[in-house]
Amino acid sequence: MAWEPTDTIAALDELDELVRRAGTVPLTEQVRLDPARLDAVIERLRAAVSGGPLELSYALDQLAELARGAKAIPLTNEVRVEREELYDKLDRMRAACARPSREHLPPAVAAALGAFDELLENAKLVPLTMQVRLDRAKTLELLDRLRAARQEPSPDAAAALAELDVLVHNAKSIPLTKDIRVSIVELSELLDRIGTA
């Protein structure tokens, strides 16, 4: 079954409503939430994001981690969570839902971007970061393939390709491996810019 952004957006709206209606913890920027309701919304989100963009799953994992680490409020069945952190995760997931279509692209460019997407989907997350581990040689090969496919790019696509080149070539190596670590958010944004320009 194909991923449907509208299902994810509906679940994100439900989470947004839950946070907006939540009471606040006095003298803080925290909200009071019922952990059972929060877990239920996260599970609906997990079902809704299945098959969606990789950064959507990463942001959801971070949201789930935030919920698991929430501190209990004494004498209640509620937990407290930083409102700003919740909205940061919500914003990231909403941005991932707004992925542009690539139907207008030449087949070679769409195939190269699809290969990058597949590489990202199979990449391992670097713990406690928004970075992924990528095989350096495979990533450089895909970058060359994308550059060759995107003949005579627009100025914005050329700039995004140049930024992608810098991002990949300046990526930090992971010791004792042939892998590099790259920001999933930056990489996804650059690929989207290349695909829409």
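In the predicted model, Glu65 and Arg68 are joined by a salt bridge in which the closest N and O atoms are 2.7 Å apart. Both residues belong to helix α3 (residues 54–68), where they are separated by 3 residues, about one turn of the helix. Glu65 is partly exposed, at 46% relative accessibility, whereas Arg68, with a relative accessible area of 60%, is classed as exposed.

The salt bridge between the side chains of Arg32 and Glu78, at 2.7 Å from N to O, connects separate elements of the chain. Arg32 is part of strand β2 (residues 30–33) and Glu78 is part of the loop between β3 (71–72) and β4 (79–82), so the pair ties together parts that are 46 residues apart in sequence. For Arg32 the relative accessible area is 26%, which places this residue in the partly exposed class, and Glu78, at 22% relative accessibility, is likewise partly exposed. Under the criterion applied here, the model contains 16 salt bridges.

The packing of the helices was then examined for two pairs. The axes of α3 and helix α4 (residues 83–97) come within 9 Å of each other and cross at roughly 165°. Because angles over 145 degrees count as roughly antiparallel, α3 is described as roughly antiparallel to α4. The crossing of these two helices is left-handed. On the α3 side the contact involves Glu55, Leu56, Ala59, Leu60, Gln62, Leu63 and Leu66, and these residues meet Glu85, Leu86, Lys89, Arg92, Met93, Ala96 and Cys97 of α4. Divided by class, the contact of α3 with α4 comprises 9 nonpolar, 1 polar and 4 charged residues.

For helix α1 (residues 5–21) and α2, the axes are 8 Å apart and the packing angle is about 165°, which makes α1 roughly antiparallel to α2. Here, too, α1 passes α2 in a left-handed crossing. The contact is formed by Asp7, Thr8, Ala11, Leu12, Glu14, Leu15 and Leu18 from α1, together with Arg37, Leu38, Val41, Arg44, Leu45, Ala48 and Val49 from α2. The residues of the contact between α1 and α2 divide into 9 nonpolar, 1 polar and 4 charged.

Leu60, located in helix α3, is among the residues of that helix that meet α4. With a relative accessible area of 1%, Leu60 is buried, since the buried class covers values under 20%. When residues up to four places away in sequence are not counted, Leu60 touches Ile42, Leu45, Arg46, Val49 and Met93. By contrast, Leu146, which is 86 residues from Leu60 in sequence, lies 29 Å from Leu60 in space, taken from C-alpha to C-alpha.

Backbone geometry was considered for two leucines situated in loops. Most residues other than glycine have a negative phi. Leu27, although not a glycine, has a positive phi of about 65°; this residue is found in the loop between β1 (23–24) and β2 and, at 92% relative accessibility, is exposed. Leu75, also not a glycine, has a positive phi of about 65° and is found in the loop between β3 and β4. The relative accessible area of Leu75 is 92%, and this residue is therefore exposed, the threshold for that class being over 50%. The loop that holds Leu75 is also the one in which Glu78, the partner of Arg32, is located.

How values were computed: Residues are numbered from 1 along each chain as its sequence is written. This is a predicted model: local features need pLDDT of at least 70, side-chain atom pairs count only at pLDDT 80 or more; totals for chains, interfaces and linings use all residues. Side-chain values use heavy atoms; hydrogens and water are left out. A salt bridge is a side-chain nitrogen of Lys or Arg within 4 Å of a carboxyl oxygen of Asp or Glu. Helices (H or I, at least four residues) and strands (E, at least two) are DSSP runs, numbered from the N terminus. Buried means under 20% relative accessible area, exposed over 50%, partly exposed in between (1.4 Å probe, protein chains only). Axes are lines fitted to C-alpha atoms, for helices over the stretch in contact, and angles run from 0 to 180 degrees between N-to-C directions. Angles under 35 degrees count as roughly parallel, over 145 as roughly antiparallel, 65 to 115 as roughly perpendicular and the rest as oblique. A crossing is left-handed if the near helix is turned anticlockwise from the far one by less than a right angle, and right-handed if clockwise. Contact means heavy atoms within 4.5 Å. Ala, Val, Leu, Ile, Met, Phe, Trp, Tyr, Cys and Pro count as nonpolar, Asp, Glu, Lys and Arg as charged, and the others, Gly among them, as polar.
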